[in-house]
Amino acid sequence: MRTKIWQGFLATLTVLLPLWRDVSAVEIPPDVRQPPMITKQSVQDHIVEPTDPITVECEATGNPPPVFTWTRDGVYLNVARDPQVSMKRRSGTLEIFFWGRPEDYEGVYQCTATNEFGSAVSSHIRLRVSKARTWLKEYLEPVSVFIGLPLILPCNPPAGPPKPQTYWMNSSMVPIRQDRRVSMAENGDLYFSSIVAEDYLTNYVCTARFPNSNTIQQKPPLILQVLTARMAAQIAPKFMKPKGTASTQIAMLGEELVLECFASGVPAPSIKWTKDWEALSMQGMKLENFNKTLRIKKVSMEDGGEYICTATNRMGSLDHIITVRVKSAPFWVEKPESLVLSRDDSGQIVCRADGIPRPQIRWLVNGEPIEDAPKSPGRQVSGDTLIFRSVVPDSTAVFQCNASNQYGYILANTFLAVMDMRPRLLGFRDQLVKVTEGSQTHLHCPYFGSPKPDLRWSKGGLGALEGGRYRILANGTLEIRRSKLQDQGTYVCVASNVIGRDEMEVQLEVKEPTKILRAPHNVIVIKGSLAHFDCKIQTDPTLEVTVTWLKDKKFLILGRRMTKDEDSLSIADVYRRDEGIYTCRIKTEVEEISVSAKLTVMGNVNTDLLFSLLLSDRPDPPTDLEVSDPSERSVRLTWVPGLSNHSPVKEYLVQYTEDLLADYWLVPSGWKNLTGYPGQLNSVVLKLTPFVGYQFRIIAINAIGPSRPSKPSIYYETGGAVPDAIPRNIKGVGTGLFRNNMEISWEPLEYREWNGPKLRYMVWWRRQHSREEWKNYTTYWWCSHIIYETDTFTPYEIKVQAVNDFGLGPESPVVIGFSGEDLPSAPRSFRIMHRHYDTIYLDWEEPAEPNGLLTGYILKYQTLNVSVGERMQEEHIPPNTTYFSLRRFDRYTRYKFTLAAQTQIGVGEAVTEESPHFTTEGKNIYLHTLRQSLSSIETHLCYQVDIATQGWFIGLMCAIALLVLIMLTVFFIKRSRGGKYPVRDKRDFALEPVDEKDEGTFDYSRQGRSQGAIEHMQKMTNSDDSLMEYVEEDEIEFNEDGSFIGEYTGTKRDKDSSQYHESSEATSPVAIYSFA
């Protein structure tokens, strides 16, 4: 009776759910001030690794942003005072790092998000640390049993959490082979329906694997002694688990249900299941473990009832009835929705939940029981409904609805917001929507306001659209059913309330649908003749249309034999390989349609054969498919051929459907082609993949075409084997903002590549070019693993292999990965050079410590003596470029440059330099011209040296260069003294060596080394016979030959040494020699 009531309730729920969705609350824009709401939290039963940082999630919205607090076991958790606990910025997510005992942080956590409007709370999150416990050390006495008797070997694995996965092996780590006689139960116990003499040949080890910590524990080996003092007699079935003839089991709605049935007997009994004494539908069910296990993936109300397990052998049969009673934790029937009201309005919040047994509803406000909270006028609790009357701004609060029964609870946050706001349309303005005639059209207009605005749609601003083919959804969308050409035009969406209004326009264009006037048909042609497929279409003239042809779902390559015109496809001189399915695909901006036909190519035939062909038809499908000779990688499939219908069967096409893993559930893949076999066969061996469930069907093909598919075979699952495949796309990169880790990731194997149960991945790594041992870690589901405490940007050797319960798969090739990056050091050898009057050249070298892959350089520069309002210029330079040139305003402008390299982490250390003085006064104009000439000669000579490979040539060129430099130096010294006035001979002094690195550019790094020579020149300028002492500073003039115009003044002027050095720098032989 209870089941029938629930079936009626679920049917009513299916009808009401669309209606409830239509009346859902309007979403408040995030920029509007509003109470907090929890948007993300960890699962209620949160099991974590003891070695990894714990993350307990809690995210919330609200305006102003909420403040997060936590409790553990009902006590306030002071995050600031615990060095092992931190909270993410702008989030309530906790991060707990294990430095001591992980168990100290187990408990029940709850997050609270609070702003000025109220507090939202999360569900209770039970945090448990995964524990890989060990079996107690014990010695297991040998087990003696007579041949033919049943036996149960208990496993009793250590308790978790989480529950360990168990399997049986021998001491050589070889899995115990299981079959109809020997198999393992869900709790890990090993059941023998009867003992045979060969069972003593191995020992038995129960192994437990803890999936979270990826640790394996083993029980001590157990030795089995088989007593053969008597002959094994044939024995009728007797149930070992469950015992007796009847039992009861509780199933939780929506969860997995496992029913087991183990029976003893000689020979080993076969197991068959029925429900309420009728055959199982197998919808959502799966038989495993040689039919001893019935697994229901997701329990529904219809799964309640009586399940009968029948054990049968040649000595008799026995039934056991398992009564399944379906229970349910609470679930939402109508989840509470937040409510927005204006001042003095009234409303209600409804919270409806159900379960088996029916849950109790309890209300809270801002995280406290509503009966203990301060009373609010106008607020009333009526069972599962909160009623509000004449609300005021102080009525704003966050409410929690808690529904609980003995099997669990659910919690939902909802709020009441009291505000007055004019309507706002939240969608895109001036939308253009294109649809085809006859389709269903949706014009979107999301809105918000308080009081809740009235929303109206009109076409061209005239009249309201409602009823008939028009329907306005709760979110503001206008739905137009069966669009017509006359629906085209401008639609106006208007939202209004007592405070104001807002509107926007949407342009709708209705296009004619694409029509196929002449579709391609199946064609049978003789080899070497012409095949022709029609595809004449009619489309809307305002739409651009594209017609493409495909063969067997692959784009067709047109050429000499295959040509396409506007309405057809032609294939000249057809071959056998041209056979296949040809598809004409028509695509426009608003729709896409396809139509297909088959091409069959026949050999040379005579007239009689063509006449008989006209009387022929496609064959009938095969019947009575039978699966036999099972193994891990193959099975034999046998069938009875159908009628050929006057055309011999040329080929049998075997198709299959397999189980695929989708969202942790196995679902059928759909029918696929396996392989074809000659028409004279009716029994073949199929090559399959281990540990995959299959069904098969067969299609017979003759000259006319294929038959209808046969009825599917029975479900068949192959045995297991070690993995054959290697994980693909393995890589190792630094992750997050931390430089001392590396995330190893890879693509997971497809389910058909598992080859066995409980697939996991073993990850290996070590530093490259090191002698350290390989380290490894085993993951179960996750296709990534993070290595912590690595050096910055260090290469690692990485490999990954797949593992299942049958053993290790092949190792992948070694891949090189890099740990996390850091900020780079400053670029090296940063130089600033003047090669031209109006251009500054910069160059540099890569940083000594890049600490990652460089993404570029940041160059900032600004003139010295910055004027008010002048901005610093910034240039982004690619990582493979180490130079830069800048055109300046004039030759006297100086700049300050700052250069830094950057990686993905950010910008590193910077280096700063200023451009040097570039003097061009007085005689320096002449000197600059001379320096350019000398630089040109030296550059030319250096170029010749670079291309020369003979020693004598190098010596000759250097001698000539030295001679020219000496001559030019002597010439210039004589010229600078002038020929009209006698001067005292100057003292000799040491010259700096020639800088051959920079072509005519002064190396300011040597300025310090030349200081002695410059001081010596300053002393020389104090000589009584020095020409410069008698020259007026602002009245210097030159003849065409460079001599002075004027006379001695007879008065000597004492000048500041620094000023004199600045005005005479270019005239000193030291400077001339340095520039040369």
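The model is predicted, so local features were taken at pLDDT of at least 70 and side-chain atom pairs at pLDDT 80 or more, while totals for chains, interfaces and linings use all residues. Residues are numbered from 1 along each chain as its sequence is written, and side-chain values rest on heavy atoms, with hydrogens and water left out.

The protein chain holds seven helices and 80 strands. Of the 1076 residues, 43% count as buried; here buried means under 20% relative accessible area, exposed means over 50%, and partly exposed lies in between, with a 1.4 Å probe and protein chains only. The chain exposes about 58700 Å², of which carbon and sulfur atoms supply 52%. Such areas come from the Shrake-Rupley method with a 1.4 Å probe, and for residues only the protein chains shown count as cover. Among the contacts in the protein chain with a separation of 6 or more, 66% are between residues 24 or more positions apart, a contact being heavy atoms within 4.5 Å.

An unreviewed UniProt entry places the feature "transmembrane region" at residues 952-973; UniProt positions are given in the numbering used here, feature names are shortened, and annotations may be inferred rather than shown by experiment. In the model this span is 100% helix and 0% strand, and its end C-alpha atoms lie 32 Å apart.

Turning to the sheets, strands of a sheet pair through backbone hydrogen bonds, either parallel or antiparallel. For the assignments here, two strands pair if DSSP finds at least two bridges between them. An open, antiparallel sheet of three strands runs in the order β3-β8-β7. Its edges are β3 (54-56) and β7 (85-87); each has a single partner strand, so one side of each is left without a neighbour in the sheet. From one strand to the next the twist averages 20°, with axes drawn as lines fitted to C-alpha atoms (for helices over the stretch in contact) and angles running from 0 to 180 degrees between N-to-C directions. Three bridges link β3 to strand β8 (residues 94-96) in the antiparallel sense, and isoleucine 54 has isoleucine 96 in β8 as its bridge partner.

A second open sheet, again described by three strands and antiparallel pairing, has the order β66-β67-β70. Here β66 (728-733) and β70 (784-788) are the edge strands, each pairing on one side only, and the twist averages 10° from one strand to the next. Strand β67 (residues 741-747) is joined to β70 by five bridges in an antiparallel arrangement; serine 745 finds its bridge partner in serine 784 of β70.

Four bridges tie β50 to strand β55 (residues 568-571), and the two run antiparallel; leucine 569 in β55 is the bridge partner of phenylalanine 533. Strand β22 (residues 257-260), in turn, is covered on both faces, with Leu257 and Leu259 buried on one side and Val258 and Glu260 buried on the other. Its antiparallel pairing with strand β27 (residues 293-296) spans four bridges, and leucine 259 is partnered by leucine 294 in β27.

Leucine 859 sits in strand β76 (residues 856-863) and counts as buried because its relative accessibility is 0%. Beyond its neighbours within four places in sequence, leucine 859 is in contact with residues including Leu842, Ile877, Phe884 and Phe897. Phenylalanine 897 is 38 residues away in sequence, yet the C-alpha to C-alpha separation from leucine 859 is 7.1 Å. Threonine 166 belongs to strand β14 (residues 165-169) and, at 6% relative accessibility, is also buried. Leaving out residues up to four places away in sequence, threonine 166 touches Cys155, Met184, Thr207 and Lys758, among others. Aspartate 354 lies in strand β32 (residues 352-356) and is buried at 7% relative accessibility. The side chain of aspartate 354 makes a polar contact of 3.2 Å with the side chain of arginine 358. A polar contact is a pair of N or O atoms within 3.5 Å; within protein, one must be able to donate a hydrogen and the other to accept it, and residues adjacent in sequence count only if both atoms are side-chain atoms.
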